[in-house]
Amino acid sequence: MVLWFTVLLPQLLRNHKRKSVEGLNALWAIANFSASFCNAFFVFSLALPVQIRIMAVYMPILEGCMLLQFVFFYTPRWHVRVAVPILLLLWGAIAAAELFIGGATGILAWIAIALWSVETFPQLYTNLSLRSTEGQSVTSVLITCLGKTSDSLTAFLLVMPTQTRVLAFFSA
């Protein structure tokens, strides 16, 4: 839990200091936020410990801060002007589905798992294209590696919902 609470903080600080998100892939940030947003509803449909519920609220906020850095620091600006309204509509549709369509929470939980399982690929593509990892915070990457290793181990050691086990396997 501590790892996931801190994972994006070094990246957010690095971006803020550089006033840039250069070297980061926006699809990575969008997939992370979208998955966390879907997960926030799913977590509250289960009888889970309070710290998991806190994290389900905290992570979309933290990832929303990352998206705001893309809004403020990303160039070219026209990409932001086109993407933001589309994404707001998408996230509004997710919220509406979660709140008003019975059974949507379970389906969207699987969508969150799929997003978290592939979210690294856009960033890997960016790193390969640039032939650099300069935009990434080394500390955030290390925390992610430790967190995903921990998730993999807990999937085998704790009683968890099926979705969480699948996520731990594919995400790691």
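Gln136 sits in the loop between α7 and α8, with helices taken as DSSP runs (H or I, at least four residues) numbered from the N terminus. Gln136 counts as buried because its relative accessibility is 17%; buried means under 20% relative accessible area, exposed over 50%, and partly exposed in between (1.4 Å probe, protein chains only). Beyond its neighbours within four places in sequence, Gln136 is in contact with Gln11, Arg14, Leu24, Gln123, Asn127 and Val141, where contact means heavy atoms within 4.5 Å.

Please keep in mind that this is a predicted model, in which local features need pLDDT of at least 70 and side-chain atom pairs count only at pLDDT 80 or more, while totals for chains, interfaces and linings use all residues. Residues are numbered from 1 along each chain as its sequence is written, and side-chain values use heavy atoms, with hydrogens and water left out.

**Salt bridges**

- The count comes to 2 salt bridges, each being a side-chain nitrogen of Lys or Arg within 4 Å of a carboxyl oxygen of Asp or Glu.
- Arg14, one of the contacts of Gln136, pairs with Glu134 at 3.2 Å, N to O.
- That pair links distant parts of the chain, 120 residues apart: Arg14 belongs to helix α2, and Glu134 to the loop between α7 (120–130) and α8.
- Arg14 is partly exposed because its relative accessibility is 24%, whereas Glu134, at 54%, is exposed.
- In the other bridge, Lys148 and Glu119 have their closest N and O atoms 3.6 Å apart.
- Here too distant parts of the chain are linked, with Lys148 in helix α8 and Glu119 in the loop between α6 (104–118) and α7, 29 residues apart.
- Lys148 is buried at 13% relative accessibility, and Glu119 is buried at 5%.

- Helix α4 (residues 50–73) has 24 residues and reaches 35 Å from its first C-alpha to its last.
- That is close to the 34 Å expected at 1.5 Å a residue, a span worked out as 1.5 Å times one less than the number of residues.
- Buried residues of α4 include Met55, Met59, Leu62, Glu63, Met66 and Phe70.
- Among the elements covering them are α1 (2–6), α2 (9–18), α3 (26–43) and α5 (77–100).
- The largest nonpolar core has 30 residues, and Leu8, Met66 and Trp91 have the most contacts inside it.
- α3, α4, α5 and α6 each supply at least two residues of this core.
- Such a core is a set of buried Ala, Val, Leu, Ile, Met, Phe, Trp, Tyr and Cys residues joined through side-chain atoms within 4.5 Å.
- Not counting residues up to four places away in sequence, Leu8 touches Trp28, Leu62, Glu63, Met66 and Ser140.

**Nonpolar surface**

- In soluble globular proteins, nonpolar side chains tend to be buried together.
- Even so, Leu153, Phe156, Leu157 and Leu158 make a nonpolar surface patch of about 490 Å².
- Leu153 lies in helix α8 (residues 138–157).
- Patches are made of residues with over 30% relative accessible area and no salt bridge, with like charges joined within 9 Å and nonpolar side chains (Val, Leu, Ile, Met, Phe, Trp, Tyr) within 5 Å.
- Accessible areas come from the Shrake-Rupley method with a 1.4 Å probe, and for residues only the protein chains shown count as cover.

**Backbone points to check by eye**

- Most residues other than glycine have a negative phi, and most peptide bonds are trans.
- The peptide bond from Thr75 to Pro76 is cis, with omega near 5 degrees, and Pro76 is in the loop between α4 and α5.
- Lys19, not a glycine, has a positive phi of about 55 degrees and lies in the loop between α2 and α3.
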